[in-house]
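Q: Hi! Could you walk me through this one?

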Amino acid sequence: MKPFYIDYPQEKIEEHQHAYRCAYYKIPTTVIFGLLENHAEDCTYRTQQSKWVQLEAKLKPHTEHFDEPHADEVD
Ligand SMILES: [Zn+2]
């Protein structure tokens, strides 16, 4: 999973000089703030990214259950 989702297509907001918004659902980048859940529920980008997240979760082994040697516990 990515910490920030900033690779969605953006377009300039005409009324604002330095403002951009998601090209799909016209939500300003200042509202989205790099978070997937801040896109519209039906946003094409959000839908695509959600699929990838689910796919990644399926493909990745669950590394949190690995037995790591604890060197600091040795006498
Ligand atoms: Zn969006």
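What follows is a short chat about the fold, the zinc site and one arginine.

A: Happy to! This is a predicted model, where local features need pLDDT of at least 70, side-chain atom pairs count only at pLDDT 80 or more, and totals for chains, interfaces and linings use all residues. Residues are numbered from 1 along each chain as its sequence is written, and side-chain values use heavy atoms, with hydrogens and water left out.

Q: Thanks! In what order do the elements run from the N terminus?
A: They run β-β-α-α, with helices (H or I, at least four residues) and strands (E, at least two) taken as DSSP runs numbered from the N terminus.

Q: And which residues coordinate the zinc ion?
A: Cys22 (SG), His39 (ND1) and Cys43 (SG) do, at 1.9 to 2.3 Å. Donors are N, O and S atoms within 2.8 Å of the metal (3.2 Å for Na, K and Ca); water is not among the atoms, so sites may look incomplete.

Q: Where do Cys22 and Cys43 lie?
A: Cys22 is in strand β2 (residues 20–22) and Cys43 in the loop between α1 (29–32) and α2, so the pair ties together parts that are 21 residues apart in sequence.

Q: Switching topic, what does Arg46 touch?
A: Leaving out residues up to four places away in sequence, Arg46 touches Leu36, Glu37, His39, Ala40 and Glu41; contact means heavy atoms within 4.5 Å. Arg46 itself lies in helix α2 (residues 44–59).
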